[in-house]
Amino acid sequence: MGDTFIRHIALLGFEKRFVPSQHYVYMFLVKWQDLSEKVVYRGFPEIYEFHKQLKEMFPIEAGDINAENRIIPHLPAPRWFDGQRVAESRQGTLTEYFGALMSLPVKISRCPHLLDFFKVRPDDLKLPTDNQVKKPETYLVPKDSKNNSVTDITGPIILQTYRAIADFEKSSGSQMSLATGDVVDVVEKSESGWWFCQTKTKRGWVPASYLEPLDSPDEAEDPEPNYEGEPYVTIKAYTAQMEDEVSLQEGETIDVIHKLLDGWWVVRKGDVTGYFPSMYLQKSGQDAAQAQRQIKSRGAPPRRSSIRNAHSIHQRSRKRLSQDTYRRNSVRFLQQRRRQARPQPQRSAREQAQTGGAKPQPAVPPRPSADLILHRCSESTKRKLASAV
C-alpha cells in the first residue's frame, strides 16, 4: 500500500440549506489514490479556516517572510452576510483555489492537514432531513463551464427522482446499495451508465439500469439514433454475453449510432451493429487514462435485460429498438452514402429533356453519296442532269 493522497478535487456545486438556519455548503467530489471517489460538503467559513491554518503551517510558501516566495493561492475572507449571489460567485474562486493547491509541491498538496480536511465525516454521509420545513435546494455547476463565473451557474435545479426496480448490492465504497422500491434523487447522470444518487441518509453511484422515473417510463429520455455515427475507439476488449451485443478487441475503430443512458451504446462495425459498454469507448485523440481508472473502479454497469426479479410500477414498459431495426436503418444509410459518393453517369438527351435540362443540339447528318442523291431526286431533276451531261 502506498501513501494516501488526493488525485483530484472537483467542485460539483452548492446546497442551500434551511436547518438549523439558512446557510450554504459546497459539494466537492474528491478522488483518492485508491481510485475511490467521495462527495463531501464544506461551508465557506471552514474552508477559509483551513486556508489560514495552511498558511501558518507553511509561512515561507504563504509569503509571510518574503512576499516573493508565496505560492499558496489567495482566498478572500468570508463576508458578514453571505447570500445566494455570493455563494454562486465563489464557485469559480474555489475551483481555481483548489486547482492551484493540488498543483503545489507534494509537501503541501499531500500534507495531513489537506487530507484530513477532505476525509469523509459523519455529516457527509447523513444528509440533512427536511425537518418539516423546506427541502434543501441544490445548485450544480454545468459540465461545460470554463470560468465558472456567476453567469455560468444553472440556478436552482430540482433533482430528478427515480425508483429502484430491483435490489442492488454495492461492490465498492463509492457505490450505493438499493432495495426494490427505494426512491433516490439523481445528482449526476454519467454517460458510463453509472448515476450519482442520494437519499436522506446515503449517497453513491448506482447503475442507471436499476432505476426508473416515478411518473412515466423513461424511453423518451434517450436521444434519437444517429445512423451517420460518431467515430470512437475501444479502450478495452469485450466479449458479447448476449446475441444483441457485439464483441470487439481493444484498439478497434467503430461508429456509435445510439447513445443510451444506461451506458450500453449501439455501435456499428462495418455492417454489423450491437450493444457495447460505453465505458470501454473513447473518442479518438483523447486521453484514456481517466477512463481506464473508471473502468478499474466501477466496471461496466449491468444491462436491464440481465436484472432478475425486476419490478416496475408502470404498466407500459420501456420500448427499445430491436437490433433488426438498427441494422436495417444503418444498412440503408450506408447504401445511400455509397450512392452519393459514386460518380453520376451522363444522362441521355431524353432524360435531360424530361428533367428540364438544357435543350440538346441536333446532330448533323452525314452527307449522302452521289448515287443516293440520284436515286432519291425527282424525275425533273434526273432529266436536267441527263441533258447537262
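A charge sits over a ring if NZ of Lys or CZ of Arg is within 6 Å of the ring centre and within 35 degrees of the ring normal. The model is predicted, so local features need pLDDT of at least 70 and side-chain atom pairs count only at pLDDT 80 or more, while totals for chains, interfaces and linings use all residues. Residues are numbered from 1 along each chain as its sequence is written, and side-chain values use heavy atoms, with hydrogens and water left out.

**Exercise 1. Find the ring under the charged end of R42, and the distance from its centre.**

**Exercise 2. Classify the ring pair F28 and F98.**

Solution. Step 1: recall the rule that rings of Phe, Tyr and Trp (its six-membered ring) pair if their centres lie within 6.5 Å; planes under 30 degrees apart count as stacked, over 60 as edge-to-face and the rest as tilted. The model has 19 aromatic pairs by this rule. Step 2: the centres of F28 and F98 are 5.3 Å apart and the planes stand at 75°, so this pair is edge-to-face. F28 belongs to strand 2 (residues 23-32) and F98 to helix 2 (residues 84-102), 70 residues apart. Step 4: look at the surroundings, where F28, F50, Y97, F98, F117 and F118 form one aromatic cluster.

**Exercise 3. Decide whether F28 is buried or exposed.**

Solution. Step 1: buried means under 20% relative accessible area, exposed over 50%, partly exposed in between (1.4 Å probe, protein chains only). Step 2: F28 has 1% relative accessibility, so F28 counts as buried. Step 3: F98, at 2%, counts as buried too.

**Exercise 4. Work out the strand order of the open four-stranded sheet, and name its edges.**

Solution. Step 1: two strands pair if DSSP finds at least two bridges between them. Step 2: the order is 3-2-1-4, with antiparallel pairing. Step 3: strand 3 (37-42) and strand 4 (137-140) each have a single partner strand, so they stand at the edges. Step 4: strand 1 (residues 6-17) and strand 2 pair over ten bridges; E15 has V25 in strand 2 as its bridge partner.

Terms used: Helices (H or I, at least four residues) and strands (E, at least two) are DSSP runs, numbered from the N terminus.
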